[in-house]
Amino acid sequence: MPPTTPNAVSQVATRAKTAALLTLDVFNKTMAEHQKTQIETLDQCKLLCESQSSNFTELKESISHLSTQVADLKLDNDNLRENISNLNKRIQDLEAANSCRPTFSAGTVPSILQEISERERCSRNVIIRGLKESSSSVIEERISDDTSKIAETIDPYFPEAVANLKSIRLGKPNDRGPRPLKVFFSSKEIALKLVSYFSKNARGLPPDSRPRSVTMTRDRTPLERESIRLVYTELENRKMNGETDLTINYRDGFPFIVPLSRSSQTRRHHTSTSTFVHPKN
């Protein structure tokens, strides 16, 4: 092996130093690139996190909105169930009422036609209660006395109805008081106006001028009187069974059982028709 010269040693050292410098530069460059990559990755992660956070917020708002819609749907569903329940009850009531309704037969049709005819005839009559009965034994004098009393009672309210008065006493004479008078008029319009005028105007007269114990109602068929009796009987039974605050309210001349609180709105109408007495004649 040839001896190493100083020049050779110097060259080797220079080469080693150069190799070391190159390796450090590469390392620093590599580290810089790696750091840059990390920064870019972190920036991407940050953007991704912000995007995910925004998506999460939107999802949360959507869930809240859906919860509100579910609550509304539940409320609508409850209302729908209640309406269906009420409709079912009404259907059951209608079916029950329909099952109790009598079927028409060949015999009921003439009865209906007869009732219609009787109601049309009765609509032209007025029943007056409370007019003193004549003590005369002469029929003509009794009729004349009744006619005079009817005219005196009607004239302050409906003078036009006084002409051509015709009337009869209902029932047999008794000691309980004067029998009702059935007064016949030429049209139902006159009869209805007379009852209406008497009811309204009698309340407007001074107390000393008001008729005492005298009432006027329109004439009714036996079927109508029976229907009215049933309404009053039903009211009495319901009160006996513990129901309170009930009264009878007349609509179109017929009684209906209504809560007492509602009667205040129609008390005036009720008063005008409450002079009706349970029909006994």
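Predicted model: local features only at pLDDT ≥ 70, side-chain atom pairs only at ≥ 80, totals over all residues.
Student: How many helices and strands does the protein chain contain, and what pattern do they follow along the sequence?

Tutor: The protein chain has 7 helices and 6 strands. Read along the sequence, the pattern is α-α-β-α-β-β-α-β-α-β-β-α-α.

Student: What makes α2 and α5 roughly perpendicular to each other?

Tutor: The axes of helix α2 (residues 108–122) and helix α5 (residues 222–240) cross at roughly 90 degrees and come within 9 Å. Angles of 65 to 115 degrees count as roughly perpendicular. The two helices, α2 and α5, are therefore given that description.

Student: Which residues of α2 and α5 meet?

Tutor: From α2, Glu115, Glu118 and Arg119 meet Pro222, Leu223 and Glu224 of α5. This contact of α2 with α5 comprises 2 nonpolar, no polar and 4 charged residues.

Student: Why is Arg142 called partly exposed?

Tutor: Arg142, which lies in helix α3 (residues 139–154), has a relative accessibility of 23%. Buried requires a value under 20% and exposed a value over 50%, with partly exposed in between. Arg142 therefore counts as partly exposed.

Student: What makes the approach of the side chain of Arg142 to that of Glu133 a polar contact?

Tutor: The side chains of Arg142 and Glu133 are paired at 3.1 Å. The cut-off for a pair of N or O atoms is 3.5 Å, with one atom able to donate a hydrogen and the other to accept it. The pair formed by Arg142 and Glu133 is accordingly listed as a polar contact.

Student: Are Cys49 and Cys122 buried or exposed?

Tutor: Cys49 has 54% relative accessibility and therefore counts as exposed, the threshold being over 50%. Cys122 has 4% and therefore counts as buried, the threshold being under 20%.

Student: What is noted about phi in Asn164 and in Asp245?

Tutor: Asn164 has a phi near 55 degrees, a positive value in a residue other than glycine. Asp245 likewise has a positive phi, of about 55 degrees, although it is not a glycine.

Student: Where are Asn164 and Asp245 placed, and why is each called exposed?

Tutor: Asn164 is in the loop between α3 and β2 (166–169), whereas Asp245 is in the loop between α5 and β5 (246–251). Exposed means over 50% relative accessible area. Asn164, at 72%, is therefore exposed, and Asp245, at 53%, therefore counts as exposed.

Student: What share of the protein chain is buried, and what share of its contacts joins residues at least 24 apart?

Tutor: Of the 281 residues in the protein chain, 23% are buried. Among contacts between residues at least 6 apart in sequence, 55% join residues at least 24 apart.

Terms used
Residues numbered from 1 in each chain as written. Heavy atoms only, no water. Axes fitted to C-alpha atoms, helices over the stretch in contact; angles between N-to-C directions. Helix = DSSP H or I, 4+ residues; strand = E, 2+ residues; numbered from the N terminus. Parallel < 35°, antiparallel > 145°, perpendicular 65-115°, else oblique. Contact = heavy atoms within 4.5 Å. Nonpolar A, V, L, I, M, F, W, Y, C, P; charged D, E, K, R; others polar. Buried < 20%, exposed > 50% of the residue type's maximum accessible area, 1.4 Å probe, protein only.
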